[in-house]
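Here's a walk through a two-chain model, written for someone who wants to know what sits against what. Have the viewer open while you read.

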Amino acid sequence: MAYEEREVRAMSFIFYVLTALTVAGALAAVLLKNTVHCALALSVAFTGMALLFLNLDAQFAGFAQFMVYVGAVAILVVFAILLTKGSETPTGGVFSRTWLMGLVIAAGVFAVLGWAVMGSMKALPQLTAVPQVTVLQIGNALVGRYVLPLEIVAVLLTAAMIGAVIVALHERSEVAKEGQK
Amino acid sequence: MTPLACYLLVAALMFSIGLAGALTRRNAILVLIGIELMLNAANLNLIAFWRYGPHPEKLTGMIFAIFSIAVAAAEAAVGLGVVSEMHRHAHTTDIYAMDRMKGREVDARNYFIHSAGCGLSHHGDSVADSHCANSCIWRGCALEARQAQSLCDAGDWFDEFCTLTFANCICARSGGMDAWAGGARDS
C-alpha cells in the first residue's frame with residue numbers, strides 16, 4: 001500500500017511539471033504579441049502535450065503527437081507566418097474588438113467543464129493497472145478492426161493535401177501582373 | 001482527486017485556453033493555433049479515458065486519438081493554405097479584412113454598375129476581367145478601392161465606370177475614404 005502511494009505521488013509530480021509546461025506554453029501561444037513567439041510557444045505546448053501522452057503510457061500516440069504536431073504542424077505554422085508577413089505587429093492591436101466576450105465565453109466553458117468533471121468524480125473509472133500495449137497490437141488493430149477508418153483517413157489526407165495545394169496555388173496571370181508592377 | 005479527474009481538468013483548461021485564443025485573436029493564423037490547442041485537449045481526454053477506463057487492451061481511445069491527430073494535420077494544412085490565399089487577396093491575415101459576407105446595406109445601383117462593368121470587361125484583357133470580378137465580390141472594403149484604381153489604369157474606356165465605383169466604395173463603408181487614400185498613396 002505504501003509503495004502504491006509513493007508511486008502515485010511520484011507520478012503526480014511529473015504530471016504537475018508537465019501540466020505547468022503545457023499550460024504555460026498554451027497561454028504564451030495565445031497571449032504573446034509577436035506571432036513568431038506564439039509559434040514557438042505553441043511547439044512548447046505541443047511538446048508538453050506529447051509528454052503528457054507518454055506519461056499516460058500511450059507511447060504510440062505520444063510519438064505520433066511529437067512527429068505530427070511538433071514536427072509538422074508547428075513548422076507549417078512558422079511557414080505560414082513567414083509567408084504572410086504575419087510577424088509584423090498590426091497597428092490595431094493583436095486582440096479583436098470583442099475580446100472581453102471571447103474571454104467570458106472561454107471562462108464559462110472552463111467553468112462548465114470543471115463543474116462537470118468535479119461533479120462526476122465518483123462515477124469516473126479509477127483503474128490504475130498499466131495497460132501493456134505494443135505497436136504490433138496497434139498495427140493489428142489498425143489493419144483489422146479499424147481498417148475502414150484508416151482508409152477513410154488516407155483518402156481525407158490525400159484530398160486535404162491536394163486541396164491545400166490548389167487553394168494556395170498562385171494563378172499565373174496574377175503572378176505575371178505582380179511582376180509587371 | 002483521482003488521476004483521471006486531474007487529466008480531464010488539464011484538458012478542460014487547455015480547451016478553454018484554445019477557445020479564448022480562437023475567439024480573441026485578430027490574426028487568422030493564431031485563430032488556427034487556438035483550434036489546434038482545442039483539438040489537442042480533446043486528444044488528451046481520449047488518451048486519459050483510454051488509460052484509466054475499462055478494457056484498455058481494446059485500444060479504442062488510443063486509436064481514436066491517432067485518427068484525431070491525422071484529421072487535425074489535414075485541417076492544419078488546409079487552414080494554413082486558406083490563410084495563405086487570404087493573404088494573397090487581402091494582403092493581410094487580419095480577420096477583420098474578411099467580413100465580406102457580413103450583411104451590409106448595398107444599393108441596387110452598386111450591383112448594376114458592377115455587373116455592367118463585368119459585361120464590358122469581357123472585351124478587355126483577362127487581368128481587368130479578374131479585377132472586375134473581384135471588385136464585384138469585395139464591395140466596401142479597402143481592397144475594392146485599390147482594385148478599382150488599378151482597373152482605371154487598365155483602360156480609359158473605364159473612366160465613367162471607375163468614377164462611379166470610387167463613389168460607391170467611398171460610400172459603402174465608414175472609413176472607406178481613408179482606405180482609398182491609403183491605396184492611392186501606396187501606388
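What is the mean pLDDT of chain A, and what share of its residues reach 70 or more? The mean is 84, and 84% of the residues of chain A get to 70 or more; pLDDT is the predictor's confidence in each residue, from 0 to 100.

Some ground rules come next. This is a predicted model, where local features need pLDDT of at least 70 and side-chain atom pairs count only at pLDDT 80 or more, while totals for chains, interfaces and linings use all residues. Residues are numbered from 1 along each chain as its sequence is written, chains are lettered from A and ligands numbered from 1 in the order in which they are written, and side-chain values use heavy atoms, with hydrogens and water left out.

**Confidence**

Chain B averages a pLDDT of 70, with 55% of the residues scoring at least 70. Its residues 115–143 stay under 50, and the model has 51 contacts beyond four places in sequence for them; a contact means heavy atoms within 4.5 Å. Residues 173–182 of chain B are also below 50 in pLDDT, with 11 contacts beyond near neighbours in sequence. In chain A, pLDDT stays under 50 over residues 1–7, and that stretch has 1 contact beyond four places in sequence. Where pLDDT is low, the predicted coordinates should not be read in detail. The model as a whole scores ipTM 0.86 and pTM 0.72.

**Chain B in outline**

Chain B has 8 helices and 0 strands. Helices (H or I, at least four residues) and strands (E, at least two) are DSSP runs, numbered from the N terminus. Of the 187 residues in chain B, 58% count as buried; buried means under 20% relative accessible area, exposed over 50%, and partly exposed in between (1.4 Å probe, protein chains only). Among the contacts in chain B with a separation of 6 or more, 56% come from residues 24 or more positions apart.

**How the helices pack**

Axes are lines fitted to C-alpha atoms, for helices over the stretch in contact, and angles run from 0 to 180 degrees between N-to-C directions.

| Helix pair | Axis separation | Angle |
|---|---|---|
| α3(A) and α2(B) | 12 Å apart | about 175° |
| α6(A) and α3(B) | within 8 Å | roughly 10° |
| α2(A) and α3(A) | within 8 Å | roughly 175° |

Angles under 35 degrees count as roughly parallel, over 145 as roughly antiparallel, 65 to 115 as roughly perpendicular and the rest as oblique. So α6(A) and α3(B) are roughly parallel to each other. The contact of α6(A) with α3(B) is made up of 17 nonpolar, 2 polar and 1 charged residues. For these classes, Ala, Val, Leu, Ile, Met, Phe, Trp, Tyr, Cys and Pro count as nonpolar, Asp, Glu, Lys and Arg as charged, and the others, Gly among them, as polar.

The residues of α6(A) that meet α3(B) include Leu150(A), Val153(A) and Met161(A), and the α3(B) side includes Phe67(B), Val78(B) and Glu85(B). Leu156(A) belongs to this helix, α6 (residues 147–168) of chain A. Leaving out residues up to four places away in sequence, Leu156(A) touches Val71(B) and Ala74(B). Leu156(A) is partly exposed, at 35% relative accessible area.

The pair α3(A) and α2(B) is roughly antiparallel. Their contact has 10 nonpolar, 3 polar and 1 charged residues by class. Within chain A, α2(A) and α3(A) are roughly antiparallel too, and their contact has 19 nonpolar, 6 polar and no charged residues.

**Two residues worth a click**

Which residues does Asn43(B) contact, apart from its neighbours within four places in sequence? They are Phe53(A), Tyr69(A), Ala65(B), Ser68(B) and Ile69(B). Asn43(B) sits in helix α2 of chain B and counts as buried, at 0% relative accessibility.

Ser16(B) lies in helix α1 (residues 3–24) of chain B. It is buried as well, with a relative accessible area of 7%. Setting aside neighbours within four places in sequence, Ser16(B) contacts Ala106(A), Val109(A) and Phe110(A).

**Cysteines**

Searching the whole structure turns up 0 disulfides over all chains, a disulfide being a pair of cysteine sulfur atoms within 2.5 Å. Cys38(A) is buried, at 0% relative accessible area, and Cys6(B) is buried, at 14%.
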